[in-house]
Amino acid sequence: MKKINNILLQCLLYGFAFYASLSSLSAQSVRLDSFQDVQLLNVQNCAVVQVNASWNHQNRVKIEKLANLCYVAEIDIEDKVIGATIAKEWNIKIVPTIIVLENGKEIKRFVPGISMKFNEDSIIENVRKEVQ
């Protein structure tokens with residue numbers, strides 16, 4: 001009986017550690033770097049995508065703060081595989097641009113002013129209002 005209890009305890013601890021690792025992953029945004037990744041946005045009830053460029057990392061918004069509300073992802077327009085196509089097809093004029101999607105359809109777009117920078121708290125709150 002003691003051996004069974006030890007095994008059950010180990011399974012419980014392992015399950016807790018696994019769940020903790022999953023919850024830390026969900027607090028991150030996913031980098032989309034293939035067209036197959038981008039197509040996955042079509043099956044998400046709610047998605048927030050930040051389109052930015054690697055040279056503009058200082059103006060990146062921490063959209064992973066929204067991971068508890070919906071799927072969050074990022075696309076780098078400097079990506080050699082999908083960057084230019086995404087920039088053209090999604091009509092990206094300035095980075096970062098944050099797009100809210102519902103079932104793959106754009107419902108709201110946030111574009112910063114000439115400074116190319118958002119007030120992070122304000123933009124997170126505005127996006128939060130759109131997805132709730």
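Some housekeeping before the details. This is a predicted model, so local features need pLDDT of at least 70, side-chain atom pairs count only at pLDDT 80 or more, and totals for chains, interfaces and linings use all residues. Residues are numbered from 1 along each chain as its sequence is written, and side-chain values use heavy atoms, with hydrogens and water left out.

Confidence next. pLDDT is the predictor's confidence in each residue, from 0 to 100. The chain has a mean pLDDT of 82, and 80% of its residues reach 70 or more. Where pLDDT is low, the predicted coordinates should not be read in detail.

Now the sheet. What is the order of the strands in the open sheet? The order is β1-β3-β2-β4-β5, with mixed pairing. Two strands count as paired if DSSP finds at least two bridges between them. The edge strands are β1 and β5, residues 105-110, each pairing on one side only. Strand β1, residues 30-31, pairs with β3 in the parallel sense over two bridges, and the bridge partner of Arg-31 in β3 is Glu-74. The pairing of β2 with β3 is also parallel, over six bridges; there, Asn-52 stands opposite Asp-76 in β3. As for cover, five of the six residues of β3 are buried. Buried means under 20% relative accessible area, exposed over 50%, and partly exposed in between, with a 1.4 Å probe and protein chains only.

On to the cores. A nonpolar core here is a set of buried Ala, Val, Leu, Ile, Met, Phe, Trp, Tyr and Cys residues joined through side-chain atoms within 4.5 Å. The largest one has 17 residues, and those with the most contacts inside it are Val-38, Leu-41, Val-49, Ile-75, Trp-90 and Ile-92. At least two residues of this core come from each of β2 (46-52), β3 (71-76), α3 (83-89) and β4 (97-102). The largest share, three residues, is from β2. Another core, of 16 residues, lies apart from it; among its members are Val-61, Val-72, Val-100 and Ile-124.

Which residues does Trp-90 contact, leaving aside its neighbours within four places in sequence? They are Val-38, Leu-41, Val-49, Val-51, Ile-75, Ile-99 and Arg-109.

For the chain as a whole, 36% of the 132 residues count as buried. The accessible surface comes to about 8,500 Å², of which 56% belongs to carbon and sulfur atoms; areas come from the Shrake-Rupley method with a 1.4 Å probe, and for residues only the protein chains shown count as cover. Of the contacts with a separation of 6 or more, 63% are between residues 24 or more positions apart.

One stretch I would like to go through residue by residue. Val-95 and Pro-96 are joined by a cis peptide bond, with omega about -5°. Pro-96 sits in the loop between α3 and β4. Thr-97 is in strand β4. Is Thr-97 buried or exposed? Thr-97 is buried, with a relative accessible area of 1%. Not counting residues up to four places away in sequence, Thr-97 touches Val-49, Gln-50, Val-51, Ile-92, Arg-109, Phe-110 and Val-111. A polar atom of the Thr-97 side chain also lies 2.4 Å from the backbone oxygen of Ile-94.

Last, two backbone angles. Asn-103, in the loop between β4 and β5, has a positive phi of about 50° although it is not a glycine. Asn-103 is partly exposed, at 44% relative accessible area. Met-116 is found in the loop between β5 and α4 (120-131); Met-116 is not a glycine either, and its phi is positive, about 60°. With a relative accessibility of 22%, Met-116 counts as partly exposed.

Technical notes:
Helix = DSSP H or I, 4+ residues; strand = E, 2+ residues; numbered from the N terminus. Contact = heavy atoms within 4.5 Å. Polar contact = N/O pair within 3.5 Å; in protein donor to acceptor, adjacent residues only side chain to side chain.
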